[in-house]
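I opened a new notebook page for this structure. My plan is to look things up one at a time and write down what I find.

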Amino acid sequence: MLTKRIIPCLDIKNGETVKGINFVDLRSAGDPVELAKQYVVQGADELVFLDITATVEARKTLVDLVRNVAAAINIPFTVGGGISTIQDVDVLLNAGADKISVNSSAVKNPNLIDELSKQFGSQCIVVAIDTKLEDDWKVYVKGGREATPLSTKNWAKEIQERGAGEILLTSMNNDGTKNGFALDITHWCSAHLHIPVIASGGAGTKQHFADVFNIANADAALAASVFHFGEIPIPDLKSYLKKEGISVRL
Amino acid sequence: MNIVIINYNAGNTKSVENALLRLGIQPIISDDILTIQQADKVIFPGVGHAAPTMQYLKERNLDIVIKNLKQPVLGICLGQQLMCTHSEEGNVDCLGIFPVQVKKFNSNNPNEKIPQMGWNEIHQLKSPLFKAIPENAFVYFVHSYYCALSNYTIATTDYIIPFSAALQKDNFYAVQFHPEKSADVGNLILENFIKHC
């Protein structure tokens with residue numbers, strides 16, 4: 001049976017791992033390659049690296065990091081942050097990334113999704129959405145700093161039509177709160193899309209993961225600080241999920 | 001030992017190269033016909049679309065070269081599908097090594113996402129490729145098309161329907177999943193191909 005995936009996310013700034021609490025106030029949590037290896041041993045199903053600086057200078061550092069991670073680990077990993085051209089994607093995939101994720105650049109230029117999926121295959125194109133509940137769920141860009149008029153539901157459908165292979169949905173209302181995932185919008189996406197949905201933002205307890213799988217029907221759950229600071233060890237989480245009747249890789 | 005990874009336009013050659021390097025093997029990555037023919041073992045990886053990839057192989061005569069190889073060959077993911085008779089992806093005739101049809105997943109159940117993306121179990125393992133691999137081991141899959149069950153099935157799996165996780169005919173081995181991304185289980189499968197196939 002296909003299992004639900006547990007995905008630690010490593011936010012990268014200048015080659016170091018950091019985690020934003022509500023996207024500001026960054027704390028350092030170690031060397032990305034060492035953390036990545038540790039997560040493989042713990043049983044993480046995939047990893048995501050988000051470059052939150054993504055300046056031109058930081059780009060070369062990121063490519064080196066991707067090369068080092070690819071040499072060190074044998075599970076799939078996604079790289080995102082500041083990717084806006086076919087050339088960016090080509091460099092990262094050639095460095096050994098399995099998938100890339102686009103966010104603000106896809107909102108600005110939706111054709112980018114079509115071009116990337118055509119060039120590299122849908123399976124390696126993840127579209128990330130930062131969303132916030134206002135009158136309805138709305139799309140935010142630039143690391144959550146800038147609002148857009150886009151409805152999250154409409155945008156999610158559009159990115160699927162344009163060839164995204166997967167959607168990484170982060171609720172800004174929940175991110176950093178440790179009060180649980182945004183179950184309603186995650187469930188909506190899961191029920192209305194035929195591509196896999198990765199839920200992100202708000203994980204604080206093992207129960208939160210069970211809920212996002214059982215109630216919201218997410219295909220994967222992503223979290224950062226609860227893993228980085230050892231608050232929820234992945235083996236404990238997976239044993240718990242299995243007891244809750246959720247299919248996981250042990 | 002001289003291991004060649006076939007370099008072509010749909011290759012995830014870097015990941016496979018990294019996996020072999022972790023096993024202490026330095027592979028040769030090449031699309032040169034003589035280099036491929038003289039290898040001790042050949043790996044035929046693949047990520048991408050079947051129809052343009054078959055076209056690419058034909059233009060370089062690699063289709064003829066691959067199906068006439070006598071040494072052990074391991075196809076991975078799209079590599080496995082291209083080794084079959086025909087693929088629904090672009091409705092294209094493939095290499096015809098395995099007399100097997102490649103079909104698209106079809107489901108109206110919103111819980112059954114397409115592509116299958118993630119870790120799934122493999123069953124009924126029967127080949128030196130799976131030496132010391134336990135039944136129900138987890139491996140990593142990413143695909144929208146699958147190889148139907150056949151007499152050449154050496155591992156089964158189940159997503160939407162049961163299908164072939166791996167095939168073998170004579171010197172040709174193939175897996176639908178990505179051993180290079182399947183943690184320790186995947187390492188052992190690659191090691192088995194190098195040592196026992």
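How many salt bridges does the structure hold over all chains? I found 18. I used the rule that a salt bridge is a side-chain nitrogen of Lys or Arg within 4 Å of a carboxyl oxygen of Asp or Glu.

**Ground rules.** I noted that this is a predicted model, where local features need pLDDT of at least 70, side-chain atom pairs count only at pLDDT 80 or more, and totals for chains, interfaces and linings use all residues. Residues are numbered from 1 along each chain as its sequence is written, chains are lettered from A and ligands numbered from 1 in the order in which they are written, and side-chain values use heavy atoms, with hydrogens and water left out.

**Entry 1, chain A.** I counted ten helices and twelve strands in chain A; helices (H or I, at least four residues) and strands (E, at least two) are DSSP runs, numbered from the N terminus. Its C-alpha atoms fill a box of roughly 45 × 40 × 40 Å along the principal axes. I then checked the radius of gyration, which is taken over C-alpha atoms; the globule rule is 2.2 Å times the number of residues to the power 0.38. For 250 residues a compact globule would have a value near 18 Å, and the 16 Å of chain A agrees with that.

I looked up the pLDDT next (the predictor's confidence in each residue, from 0 to 100). The mean for chain A is 91, with 93% of its residues at 70 or more. Over residues 20-26 of chain A the pLDDT is below 50, though this stretch has 17 contacts in the model beyond near neighbours in sequence; contact means heavy atoms within 4.5 Å. Where pLDDT is low, the predicted coordinates should not be read in detail.

I found a salt bridge between A:E166 and A:R5, with the closest N and O atoms 2.7 Å apart. It links distant parts of the chain, since A:E166 is in strand 10 (residues 166-171) and A:R5 is in strand 1 (residues 5-13), 161 residues apart. I also noted A:K178, which has a positive phi of about 60° although it is not a glycine. A:K178 is in the loop between strand 10 and helix 7 of chain A.

I counted six helices and 13 strands in chain B. The C-alpha atoms of chain B fill a box of roughly 45 × 35 × 30 Å along the principal axes. With 197 residues, a compact globule would have a radius of gyration near 16 Å, and the 15 Å of chain B agrees. I found a cis peptide bond joining B:I114 and B:P115, with omega about 10°. B:P115 is in the loop between strand 7 (98-104) and strand 8 (116-122) of chain B.

How many residues does the contact take from each chain? I found 33 residues from chain A and 26 residues from chain B. The buried area (accessible area, 1.4 Å probe, that two parts lose on being put together, summed over both) is about 2,400 Å², and carbon and sulfur atoms give 52% of it. In chain A, A:L2, A:N74 and A:Q123 lose the most area to chain B, together 28% of what that side buries.

Across this interface the rule finds two salt bridges. A:D219 forms a salt bridge with B:K113, and the closest N and O atoms are 3.0 Å apart.
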